[in-house]
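Please read them with the structure open beside you.

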Amino acid sequence: MSCLRNISVFSIFFLSFFLLLALQTKANFNSNLIEKACTVYRPNWDFDFCIKLLNSDPKISSSATTPFDLAIAIIQVGNSHASETQDYINQKLSQGGTNPIVSSALSVCSKWYGGVVGAFVTALDDVQEKKFQVASDHIESANDYAKNCEEAFSSRNIQDDGISKGDNLVMYFSLSAGVVINIH
């Protein structure tokens, strides 16, 4: 009887150990995949901020099991943030009462953000259809369009923190998605 109990205790310990090891391996894989997504070599890129950003969204952090799932989640969350920025721009534009220089920048950004959102939507379709190179091109376009919006403000020597934050988030979501798309 004592021998049987020792085997049972050993079995429970053994099973618990391997279960813990498996969970730790999955957590490390998820963390490593997000770290890979954030490995972008661009000026003004903050690796630590990228990791915090991606891990802060449960949709992204829970999808970091495969590059395919992670790319889809990053694109979806990036599109959501881009849509919020587009709404912010359009709301400011429709309020009126701003000086012509600001109105001009807002108008330019409104058009560019139509492209940002469209590029995210198209990239999502491309990834789901496993057209990875085309998806990567669309993701890069989303980033370029957001930079063009930022340039519309900086070239006029004006600043809008809400739009700059949106442009920055587009950069992080689009470029990290681009890295993951190219892992496939």
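1. At roughly what angle do the axes of helix α5 and helix α6 cross? In this predicted model, the axes of α5 (residues 100-128) and α6 (residues 132-154) cross at roughly 165 degrees and come within 8 Å. Because angles over 145 degrees count as roughly antiparallel, α5 is described as roughly antiparallel to α6.

2. The crossing of α5 and α6 is left-handed, and the residues of the contact between these two helices divide into 21 nonpolar, five polar and one charged.

3. Turning to the aromatic side chains, the structure holds three aromatic pairs. In one of them, the ring centres of Phe49 and Tyr172 lie 4.8 Å apart with the ring planes at 70 degrees, so this pair is edge-to-face. Since Phe49 belongs to helix α2 (residues 47-56) and Tyr172 to helix α7 (residues 161-181), the pair ties together parts that are 123 residues apart in sequence.

4. Are the two partners of this pair buried or exposed? Phe49, at 32% relative accessibility, counts as partly exposed, whereas Tyr172, at 3% relative accessibility, counts as buried. Ring pairs also bring in Trp45, which is linked with Phe49 and Tyr172 into a cluster.

5. A further point concerns a charge placed over a ring: Lys130 lies over the face of Phe68, at 4.0 Å from the ring centre.

Methods: Residues numbered from 1 in each chain as written. Predicted model: local features only at pLDDT ≥ 70, side-chain atom pairs only at ≥ 80, totals over all residues. Heavy atoms only, no water. Phe/Tyr/Trp six-rings, centres within 6.5 Å; stacked < 30°, edge-to-face > 60°. Helix = DSSP H or I, 4+ residues; strand = E, 2+ residues; numbered from the N terminus. Buried < 20%, exposed > 50% of the residue type's maximum accessible area, 1.4 Å probe, protein only. Lys NZ or Arg CZ within 6 Å of the ring centre and 35° of its normal. Axes fitted to C-alpha atoms, helices over the stretch in contact; angles between N-to-C directions. Parallel < 35°, antiparallel > 145°, perpendicular 65-115°, else oblique. Left-handed = near helix turned anticlockwise from the far one by under 90°. Nonpolar A, V, L, I, M, F, W, Y, C, P; charged D, E, K, R; others polar.
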